[in-house]
Structure formats: structure tokens, C-alpha cells
Amino acid sequence: MATEIRMEKLRCAFGQTIAVDDISMTFPAESVTCLLGPSGCGKTTLMRMLAGLQDPTSGEIYFGDQRVTDMTPSERNIGMVFQYPVVYRGTTLFQSVELPLTRDKSVSKEERKRRVEDILEQLNLTHVAHEDVTTLDNATRQKAAVARAVARQPQIILFDEPITNVDVAAKVQLKRALKGLVKQHSQTIIYVTHDQTEAMTLADEIALMDNGKIVQRGKPRDIYNNPNNRFGGWFLGNPGMNFVEHTIVNHDGGQHLGAPLFRQPIPLQAVHGLSNVVVGIRPERVNLGEETPAAVKGVILRSSLVIGGQYLVSLKIGSTMIKAKTTRNDLPPPGESVWVTCPLEDVKLFTPAGERIDMK
Amino acid sequence: MNRARGWRKTAYHVLLWVIALIFFAPILWIIMGAFKTTDGILAVPPQFVFVPTLDNFVDLFNRPNVLRYLGNSILMSSASVGIAIVVAFLAAYAFSRFKPRGTSFLMFMLLSIRMVPAVAVVIPVSLMYSALQWKDTYFGMIMIYAMFSIPFSVWILKGFVDGVSQRYDETALINGGSRWHIIFRVILPQVAPGLVAAFIFNLIFVWNEFLFSLILGGRDTTSIPVSFSTDLYSDGGVDWTFTASMATVYMIPPILSILFFQKYLLVGMTFGTVRGEV
């Protein structure tokens with residue numbers, strides 16, 4: 001039975017360093033929540049507290065209605081997969097997956113065998129089931145670790161960057177396998193990663209972490225399109241959002257945005273009390289080439305082909321540098337000018353401190 | 001160029017063989033002696049071609065105490081090292097995982113016990129053993145050898161346990177394993193090469209130990225090294241056939257151990273540090 005995870009004012013400090021800072025949040029049952037954030041933001045510490053491997057400094061953790069804050073890891077009925085595959089020397093892959101089940105007296109020998117065989121089949125591991133697990137490659141070992149966590153059928157499974165240490169081809173394979181498992185088993189899954197692509201492909205919901213806090217939470221596309229703050233805009237996307245500081249100009253009795261990104265003044269609302277705002281726009285939303293009434297002239301500094309047939313173009317508009325992504329291959333060479341348009345519907349405004357301003 | 005390198009390599013190998021043979025010569029002499037008569041052993045110039053005889057071994061094993069010496073050596077070395085390995089493995093796990101305050105200092109202290117010359121320790125220990133009436137008892141001998149085997153074993157095994165990621169412990173904790181389950185079912189198999197290495201190193205040390213066996217031991221607990229001093233002389237001279245045949249028998253267990261477990265000994269010499277996480 002899957003269950004939701006609820007945290008109340010959860011905090012963990014190591015001396016003066018606050019790894020997790022008063023998080024109150026619920027991760028829904030039967031869904032995949034990705035804890036996404038840069039290294040050192042506290043996501044692994046949060047995960048370890050959920051697992052019972054790290055004592056919180058304060059706060060409470062509930063699985064469903066049950067308070068688990070003081071429970072040992074084994075009492076919490078969870079599965080966990082770490083960054084490095086944990087397999088046991090001297091066992092076959094089958095035995096390595098079966099081992100935790102042998103300690104569960106409520107599972108009969110036949111049931112145990114069936115569960116292990118099922119999960120090995122789902123992960124396409126049947127052909128290596130009886131091989132010494134230490135002779136297998138890293139990706140297969142990690143699959144074995146995943147199989148072991150899933151075979152116990154715990155209510156919650158925690159993944160701590162499980163595919164960081166495998167090669168690119170195996171990454172794709174493991175990601176596909178994880179997606180398949182998630183669909184079939186409907187457990188509550190918390191998946192820690194610093195890789196946004198992983199989070200985007202696997203998550204039902206992303207919880208974006210920075211400096212020990214969850215700064216935004218939502219569906220992957222929503223978070224990508226509507227970051228709550230500059231951090232979200234910068235961290236998601238490759239490269240992240242462009243941020244350009246603009247001075248608010250008073251024009252015709254109202255507040256307006258002007259240079260460097262806009263040729264004509266753009267009327268603004270709800271920015272009272274601010275003299276500056278930061279304009280954010282994703283590189284792929286910046287249009288290049290066509291002259292429009294809103295377009296400004298930019299000088300191409302360099303252009304390079306990136307994955308997916310797109311060009312990543314560095315531009316200078318006045319003294320401002322921005323990046324654009326385009327599929328156009330008829331752009332002028334570096335040093336030449338090009339028309340640059342930032343469509344208003346794709347522009348996000350932030351306060352100088354980095355908080356999002358609603359443009360409506 | 002290649003030819004010069006080939007010559008150099010050959011010369012190097014010849015040199016290695018010459019050095020090895022020089023070191024091996026006394027061992028060869030004693031082994032050959034075990035198959036010679038007394039006259040053959042003492043012949044000048046030494047005989048390299050002779051008719052081998054097993055009489056010395058027949059005589060050796062017909063002597064009243066020889067089997068006891070052999071049994072004592074086997075019992076004391078295997079029991080003391082067995083105890084030492086269990087204690088050392090648990091200590092190594094605790095030092096590695098719980099990192100008690102002063103771990104570095106304690107580890108240094110442990111190693112420094114092995115640095116103390118045996119003669120500096122043997123007299124006070126002898127007095128203590130007399131007071132406790134542990135002299136010439138198996139218990140006393142096994143304890144003293146275990147005590148000497150533990151520090152080095154802790155050092156070897158801590159390196160190995162450090163090499164096993166803590167994620168192993170945590171995975172087992174999450175899967176419902178107790179601490180004993182983690183130590184013996186999860187970590188122990190991972191550090192098995194280290195256990196074998198520590199066992200063999202210490203076994204050889206105890207097998208060869210003479211001073212403590214001489215001072216703390218006695219009639220009941222005489223080991224093979226001490227038997228060389230007690231049974232060396234007979235009929236007013238050195239009993240060369242006894243010495244040669246006993247030395248040959250005495251060499252067999254260490255040689256077999258090294259032969260079968262040499263890969264573990266090499267791993268053990270690196271204190272497990274060549275193993276990365278995984």
C-alpha cells in the first residue's frame with residue numbers, strides 16, 4: 001500500500017550549517033516526486049531523514065497518519081537505492097535480490113521466488129540471474145539494487161541519484177526500466193537528483209531545492225515554464241534562463257519597460273515601489289532574424305551547434321549579453337547584427353532580490 | 001634498442017635468481033639434511049648427490065614429544081589467531097563505522113604495541129603470568145598470542161572495512177537487518193580477503209614465535225620453535241638429524257599457507273586501500 005509522506009517543520013543542522021531548513025510539505029501517495037537541486041542543497045539529507053538514516057534536529061515526519069520520526073529505518077517499511085550499487089560479494093544476482101525477503105517471515109518461499117523472478121523479468125535481468133553479482137557491470141548491479149528495493153514491496157521507495165554513476169547508454173536503459181516499474185507498482189517514490197533531464201522525464205512532480213528549502217514544487221513543465229524565482233529559471237534549462245536587469249521608466253503616467261531588450265516601452269502593472277526589475281527569458285524563446293516592431297538589434301558573438309540540431313547563439317545587445325537557441329541555419333556570421341525579439345508572453349519578471357513578479 | 005633492453009632484462013632476471021638462490025641455500029641445506037644420515041650432513045665437502053632416506057622422519061615421529069610439540073604449535077597458533085581475528089574484525093568495524101572519540105590515537109596506540117621489543121615486555125608479563133598461574137597453560141599462551149595478533153589485524157581489517165561503503169550498512173538497515181546481521185552477513189563477506197590475509201600474517205607470526213613460548217610456556221605447552229632449544233642436544237652434541245627433519249616439518253605449514261593464499265597476502269599488504277567504493 002502506497003502512502004503519502006508528510007513533513008512538519010523538518011530541520012537538520014550540522015553545527016552552523018543548516019542542511020534542511022524548516023520544510024513543511026506533503027509528497028503525494030502513488031506518485032514520483034523528484035527532489036531536484038544543485039549539489040549541497042540538502043536533498044540527500046532530507047532523503048536520509050525520510051529513511052531514518054539521519055536524525056532530524058527538529059520537526060516531524062509522517063507516513064500517512066503514522067508518525068515515523070523516531071522509528072528505525074527497518075520499522076519504516078521503505079526501500080532505498082543509493083548512488084553506488086550495493087551488491088553482496090559471493091551471491092548470485094538472484095540471491096542478492098532475494099536476501100532481504102528471506103528475513104521477512106510473512107513471505108513464503110514460493111512467494112519469494114515468484115516476486116524475485118517477476119522483478120528480474122521486468123528489469124530484463126533473467127538471463128544473468130544466476131551469475132555472481134560482483135562480475136556484472138555497474139548498470140546491471142544498479143538494476144539489481146533497484147530490483148531488491150522493489151521486490152520487498154515497501155510502501156515508499158527512495159532513490160538517491162541512482163543513475164549518476166552509470167554510462168550514458170545504461171542511463172537511458174535504467175531510466176526506461178524505472179519508468180516501467182513506477183507505472184506497474186504504484187508505490188510512493190521520492191527520487192533525488194541534480195540532473196534536470198532525469199527529473200523532467202521521471203517525475204510526476206518536481207520539488208526544487210535550494211539552500212535547504214523547497215523553493216518551488218509542481219509539474220515538471222509548469223516549473224520549467226513558470227519558475228517562482230531566479231534560481232528556478234537559472235537551474236532548469238540548458239543553458240538556464242537569461243536575466244537582464246531593466247530600469248523602470250515612467251512614461252505617459254505609467255510604468256514601462258524599455259531598453260535593452262525592448263524597442264518600444266512595455267506598460268507594466270503591479271511593480272510599485274521598485275525602480276528596477278529583472279527580465280527573464282529562456283534562450284529557446286528568444287527569436288532571431290525577423291524585424292518586428294518590438295525587435296532590437298544584437299551582435300552575434302559566437303554560435304555553436306548543440307544537440308538536437310539547434311544552435312546556441314551568444315549575443316550582445318548594447319552592453320548586455322544574452323543567449324538564444326534557434327534552429328535557423330541562415331544566421332549571419334559572428335560580428336554581424338541580427339534582429340532579436342523577446343515575445344512578451346515568454347518573458348518573466350523578477351524583483352532584484354530574485355522573486356517572481358506576476359505580470360497580469 | 002630492443003636487443004639492449006632484452007639483454008638488460010635477462011641480466012636482471014639472472015641477478016634475481018642468484019639472490020633468490022643465495023637466500024634459499026640454507027633452506028635447501030636443511031631440507032637436504034633431513035634426507036641424509038648424520039655423516040652425510042656433516043660431510044666435508046657437502047654432498048649434493050646422495051641416497052635419500054626417510055629414517056630421520058621415522059625417528060622424529062617416534063620420539064615421545066614431537067607430536068605434542070606439533071599439536072601445541074597448531075593449537076596455539078590457530079586458536080589465538082582465530083580469537084584475534086574475531087575481536088579485531090569487530091573492533092575494526094567499530095572504529096570504521098562509529099568512529100569513537102580518539103580513534104586515530106587508539107589506532108596509533110594499537111600499532112605501537114607491536115613496536116615494543118618483545119624482550120621489554122616478556123619479564124613483566126612473565127611475573128604477571130606467575131601471579132595469575134597462567135604459565136605453561138594453553139589459555140595463557142593463547143591469550144598472549146591473541147593479544148599480539150589483535151593490533152596488526154585491526155589495522156589490516158580497518159582498511160578493508162573502510163573500503164566497504166557505508167551504503168552497504170544502510171541498505172541492510174533499511175531492509176530490516178540487525179547490526180549483527182550487517183557485520184556478519186553483509187560486511188564480513190566483503191572483507192573476506194582481508195580476514196584471510198590477517199589470519200595468515202598472524203598465523204605465521206605465532207607459528208614462528210620463540211621468546212614468549214620459552215619464557216611463559218613449559219613442558220605442557222612447548223611449541224616447535226622452543227623444541228629446537230630443548231631437544232637440540234643429544235649424546236653430547238647437536239642432534240643434526242632431529243634439527244633437519246624437524247625444521248623441514250616445521251616449514252611445511254607456512255609454505256603451504258603462502259602458496260595457497262599469496263594473492264590475499266598481497267591484498268593484505270596494501271591494507272585494503274586499493275579497493276575503492278563499490
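Student: What makes us speak of domain 1 and domain 2 in chain B?

Tutor: In this predicted model, the domain assignment of chain B gives domain 1 as residues 2-55 and domain 2 as residues 57-269, and such bounds come from an automatic or database assignment. The C-alpha centres of domain 1 of chain B and domain 2 of chain B lie 31 Å apart.

Student: How do you know which residues count in the contact between domain 1 of chain B and domain 2 of chain B?

Tutor: Two residues are in contact if their C-beta atoms, placed from the backbone, lie within 7 Å, and by that test nine residues from domain 1 of chain B and nine residues from domain 2 of chain B take part. On the domain 1 side, α1 (2-34) and α2 (38-42) of chain B each supply at least two residues, and α1(B) gives the most, with four. By class, that side of domain 1 of chain B has six nonpolar, two polar and one charged residues.

Student: Which residues make up the contact between chain A and chain B?

Tutor: The contact takes 16 residues from chain A and 15 residues from chain B. On the side of chain A that touches chain B, strand β6 (residues 78-81) of chain A gives the most, with three residues, and the residues of this side divide into ten nonpolar, three polar and three charged. For the complex, the predictor gives an ipTM of 0.78 and a pTM of 0.78.

Student: Why is helix α1 (residues 43-51) of chain A called mostly covered?

Tutor: A residue is buried if 20 or more other C-beta atoms lie within 10 Å of its own, and in α1(A) nine of its nine residues are buried. Among them are Lys43(A), Arg48(A) and Leu50(A). The helix α1(A) is followed by Gly52(A), whose phi is positive, near 90°.

Student: What makes β6 and β10 (213-218) of chain A edge strands?

Tutor: The open sheet has six strands in the order β6-β7-β8-β3-β9-β10 (chain A), with mixed pairing. Strands β6 and β10 of chain A each have a single partner strand, so one side of each is left without a neighbour in the sheet. From one strand to the next, the twist averages 20°.

Student: How do you know that strand β3 (residues 32-36) of chain A pairs with strand β8 (residues 188-193) of chain A?

Tutor: Two strands pair if DSSP finds at least two bridges between them, and five bridges join β3 of chain A to β8 of chain A, which run parallel. As one example, the bridge partner of Thr33(A) in β8(A) is Ile190(A). Helix α4 (residues 138-151) of chain A packs on the sheet, touching β6 and β7 (156-160) of chain A, and its direction makes about 175° with that of β6(A).

Student: What is the confidence of the predictor in chain B, and where is the pLDDT below 50?

Tutor: On a scale from 0 to 100, chain B averages a pLDDT of 89, and 95% of the residues score at least 70. Among the elements of chain B, helix α4 (residues 66-97) of chain B has the highest mean pLDDT, 95, whereas strand β1 (residues 233-234) of chain B has the lowest, 76. Over residues 273-278 of chain B the pLDDT is below 50, and beyond near neighbours in sequence this stretch has five contacts in the model. Where pLDDT is low, the predicted coordinates should not be read in detail.

How values were computed
Residues numbered from 1 in each chain as written. Chains lettered and ligands numbered in written order. Predicted model: local features only at pLDDT ≥ 70, side-chain atom pairs only at ≥ 80, totals over all residues. Nonpolar A, V, L, I, M, F, W, Y, C, P; charged D, E, K, R; others polar. Buried ≥ 20, exposed ≤ 12 C-beta atoms within 10 Å, placed from the backbone. Axes fitted to C-alpha atoms, helices over the stretch in contact; angles between N-to-C directions.
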